[in-house]
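Here is a short report on one structure.

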Amino acid sequence: MSKIKNEAKINEEKVNINRNAIEHRATWTGLTYVEGIKAGLPIEGVIRDAVAKTGAFHGAGYLASTEKPEEVCSFAKAFLPELGLKTFEMDVVKNDAENLEIEFHYCPLLAAWQKLGFDDETCAKLCDNAMDGDRNIAKAMGYDFELGKTIAKGDPICEVNFRKKK
């Protein structure tokens with residue numbers, strides 16, 4: 001039995017449309033991963049590389065659109081639009097010049113993998129692969145990245161932290 005609890009509380013039209021688009025992308029990634037494993041391919045490395053490049057690409061965009069990239073709170077303005085906050089049911093725990101700490105209470109990527117019937121271990125692996133995008137957004141911004149708890153590992157929240165390099 002799965003120990004993962006990933007239940008959406010917000011039910012709004014735009015949020016649901018956004019979640020469906022994210023789930024669709026996660027379905028592709030999840031099925032690509034599973035089929036690659038079945039075929040004996042080194043698929044995890046391929047997915048990690050692609051997700052990392054996606055993060056670097058988007059990170060460059062955030063860097064270009066962030067007024068004061070040396071201040072993490074300036075990045076937060078670009079990174080956390082209202083729709084994104086609602087889609088992942090995020091709470092911003094800390095947002096200042098040096099730290100952005102976010103708690104996610106729902107994940108549409110994980111929801112897609114659960115709908116596909118993936119076991120907890122596969123969900124956790126795919127989650128960590130997906131986090132390579134955020135790791136590389138942080139890298140592009142010149143920040144450190146810290147992933148704490150994750151819903152995919154059975155925690156009640158995901159903890160995502162961007163920190164100014166010391």
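Which side chain is joined to that of Glu-101 by a polar contact? The partner is Arg-163, at 2.9 Å. A polar contact here is a pair of N or O atoms within 3.5 Å, one able to donate a hydrogen and the other to accept it.

This is a predicted model: local features need pLDDT of at least 70, and side-chain atom pairs count only at pLDDT 80 or more. Residues are numbered from 1 along each chain, and side-chain values use heavy atoms.

Two strand residues are set out below. Strands are DSSP runs of at least two residues, helices of at least four.

Contact means heavy atoms within 4.5 Å. Beyond four places in sequence, Glu-101 touches Asp-91, Val-92, Val-93, Lys-94, Val-160, Asn-161 and Arg-163. With neighbours within four places left aside, Val-93 contacts Glu-101 and Glu-103.

Now the helices. The axes of H5 (residues 108–115) and H6 (residues 120–141) come within 10 Å and cross at roughly 150°. H5 is therefore roughly antiparallel to H6, a label for angles over 145 degrees. Their crossing is right-handed. H5 contributes Leu-109, Leu-110, Trp-113 and Gln-114 to the contact, and H6 contributes Cys-123, Leu-126, Cys-127 and Ala-130.

Methods
Axes are lines fitted to C-alpha atoms, for helices over the stretch in contact, and angles run from 0 to 180 degrees between N-to-C directions. Angles under 35 degrees count as roughly parallel, over 145 as roughly antiparallel, 65 to 115 as roughly perpendicular and the rest as oblique. A crossing is left-handed if the near helix is turned anticlockwise from the far one by less than a right angle, and right-handed if clockwise.
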